[in-house]
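Here is a briefing on a ligand and the pocket around it. Please look over the sequence and structure first.

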Amino acid sequence: MVDDWLSTFPHVVERLERGIDVADVGCGAGRALIVLARMFPRSRFTGFDNFPAQVERARANAEKAGVADRVTFETVDAAQGLPGRYDLVTTFDVIHAEEPKRLLAAIRPRSTTTATT
Ligand SMILES: C[S@@+](CC[C@H](N)C(=O)[O-])C[C@H]1O[C@@H](n2cnc3c(N)ncnc32)[C@H](O)[C@@H]1O
């Protein structure tokens, strides 16, 4: 994720280093956000997943990783939209899930900058 994807968007890396608010849609057990939180200690991260057991796992993983002060998780159906606004919205291995178009429309950025693989 970091070497192959994030490194191709130096402007995103620069903003993460300065400190921004990041949302991860369909965060699962929180793996991606925990990696990012360790790399970018000035940024804040919120993971959303519609499966409560995943959110519990993600919270436990963030506690174990020592980043729970900057990484939080909420049970949310992102297809209904995200509660709040974020500087960066990521989603990994999720858009193939049911109703991908509705999910994408609900989390779409309001600016013109996107970083896709
Ligand atoms: C294949 S897992 C990927 C988890 C994580 N992103 C990763 O890469 O390890 C897909 C996740 O998306 C979540 N998901 C699917 N549809 C969702 C929705 N509408 N809102 C929030 N989460 C959703 C599922 O509950 C599941 O945890």
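How many residues surround the ligand, and which are the closest? The shell holds 16 residues, with Gly 26, Arg 31, Asp 49, Asp 77 and Phe 92 the closest; a residue counts if one of its heavy atoms lies within 4 Å. This is a predicted model: local features need pLDDT of at least 70, side-chain atom pairs need pLDDT 80 or more, and totals for chains, interfaces and linings use all residues. Residues are numbered from 1 along each chain as its sequence is written, and side-chain values use heavy atoms, without hydrogens and water.

**Ligand contacts**
- A backbone N or O atom of Gly 26 lies 2.7 Å from a nitrogen atom of the ligand.
- The side chain of Asp 49 places an N or O atom 2.6 Å from a ligand oxygen atom.
- Asn 50 has a polar side-chain atom 3.2 Å from an oxygen atom of the ligand.
- Alone, the ligand exposes 600 Å², and the protein buries 78% of that (Shrake-Rupley method, 1.4 Å probe).

**Pocket**
- The ligand takes up the second largest pocket (more than half of its atoms lie within 2 Å of the grid points).
- A pocket is an open set of points on a 1 Å grid where a 1.4 Å probe fits, with protein on both sides within 12 Å along at least five of seven lines; lining residues have an atom within 4 Å of a point.
- This pocket holds about 580 Å³ of space.

**Lining**
- Of its 25 lining residues, Val 25, Gly 26, Asp 49, Asn 50 and Val 94 lie nearest the centre.
- By class, the lining has 12 nonpolar, 5 polar and 8 charged residues.

How values were computed:
Grid points are joined across faces, edges and corners, and a volume is the space filled by probe spheres set on the points. Ala, Val, Leu, Ile, Met, Phe, Trp, Tyr, Cys and Pro count as nonpolar, Asp, Glu, Lys and Arg as charged, and the others, Gly among them, as polar. A polar contact is a pair of N or O atoms within 3.5 Å; within protein, one must be able to donate a hydrogen and the other to accept it, and residues adjacent in sequence count only if both atoms are side-chain atoms.
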